[in-house]
Amino acid sequence: MSHKLQSAYEEETLEQFWSGMRTMNVLIIDKIVYLPITQQAAILLFQLTQLKLGLHSAILATYISFSKWGEIFQDCAVTAAILKRLIHHSRVIQITGNSYRMKDYKLDREQRSKLKTPDDP
């Protein structure tokens with residue numbers, strides 16, 4: 001999402017982007033803070049949260065705890081503003097344990113190791 005916002009900003013199509021976002025009933029962002037983003041992208045993401053979260057529902061997923069978001073957004077003030085906006089009137093659901101991908105990977109690896117013969121490399 002941050003890359004789409006940044007592209008729209010650079011291509012001067014941000015108003016078009018905002019118009020499209022206004023028509024959506026639900027905003028879903030997966031891996032919201034997976035990689036560091038620029039300060040400009042963080043500000044644009046904050047503007048998006050202002051636009052959407054007061055009017056519609058949003059589902060955001062991340063592997064990063066809130067305490068580490070400042071490292072991703074590279075600006076503590078913007079990070080605090082985004083978190084304040086996201087958490088206000090929200091339900092935070094923390095899921096712990098192995099992911100299904102990791103569980104499937106381990107199971108697959110175990111099954112392959114059982115199939116190996118002593119002559120296999």
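Predicted model: local features only at pLDDT ≥ 70, side-chain atom pairs only at ≥ 80, totals over all residues.
1. Start at the surface. Val26, Ile28 and Ile59 make up a nonpolar patch there. Together these residues have about 280 Å² of accessible area.

2. Look next at Val26. This residue belongs to strand S1, which covers residues 26-30. Val26 has 40% relative accessibility, so it counts as partly exposed.

3. Is Ile29 buried or exposed? Ile29 is buried, because its relative accessibility is 7% and the cut-off for buried is under 20%.

4. Ile29 and Ile59 are 30 residues apart along the chain. Their C-alpha atoms are separated by 6.3 Å. Ile59 is one of the residues of the nonpolar patch.

5. Now the overall layout. The chain has 121 residues, and 25% of them count as buried. There are 6 helices and 2 strands. In sequence order the pattern reads α-α-β-α-β-α-α-α.

6. The largest pocket deserves a careful look. Its volume is about 1,200 Å³. How many residues line the largest pocket? The lining has 32 residues. Leu60, Ala61, Thr62, Val92 and Ile93 lie nearest the pocket centre.

7. Which element gives the largest share of that lining? Strand S2 does, with 5 residues. This strand spans residues 57-61. Helix H5, residues 76-87, also supplies at least two lining residues.

8. Turn to charge pairing. Side chains of opposite charge can pair when their charged atoms come close. The count here is 1 salt bridge. It joins Arg112 to Asp108. The closest N and O atoms of the pair are 3.4 Å apart, and the cut-off is 4 Å, so the pair qualifies.

9. Where do Arg112 and Asp108 lie? Both sit in helix H6, residues 100-115. They are 4 residues apart, about one turn of the helix.

10. Arg112 has 44% relative accessibility and so counts as partly exposed. Asp108 has 38% and therefore counts as partly exposed too.

11. Finally, go to the start of the chain. Tyr9 lies in helix H1, which runs over residues 2-10. Tyr9 is partly exposed because its relative accessible area is 39%. Tyr9 and Gln40 are 31 residues apart along the chain. Their C-alpha atoms are separated by 9.0 Å.

Notes:
Residues numbered from 1 in each chain as written. Heavy atoms only, no water. 1 Å grid on protein atoms, 1.4 Å probe; cavity = no way out; pocket = protein on both sides within 12 Å on 5 of 7 lines; lining within 4 Å. Points joined across faces, edges and corners; volume = space filled by probe spheres on them. Salt bridge = Lys/Arg side-chain N within 4 Å of Asp/Glu carboxyl O. Buried < 20%, exposed > 50% of the residue type's maximum accessible area, 1.4 Å probe, protein only. Patch = residues over 30% accessible without salt bridge, like charges linked within 9 Å, V, L, I, M, F, W, Y side chains within 5 Å. Areas by Shrake-Rupley, 256 points an atom, 1.4 Å probe, with all protein chains shown as cover.
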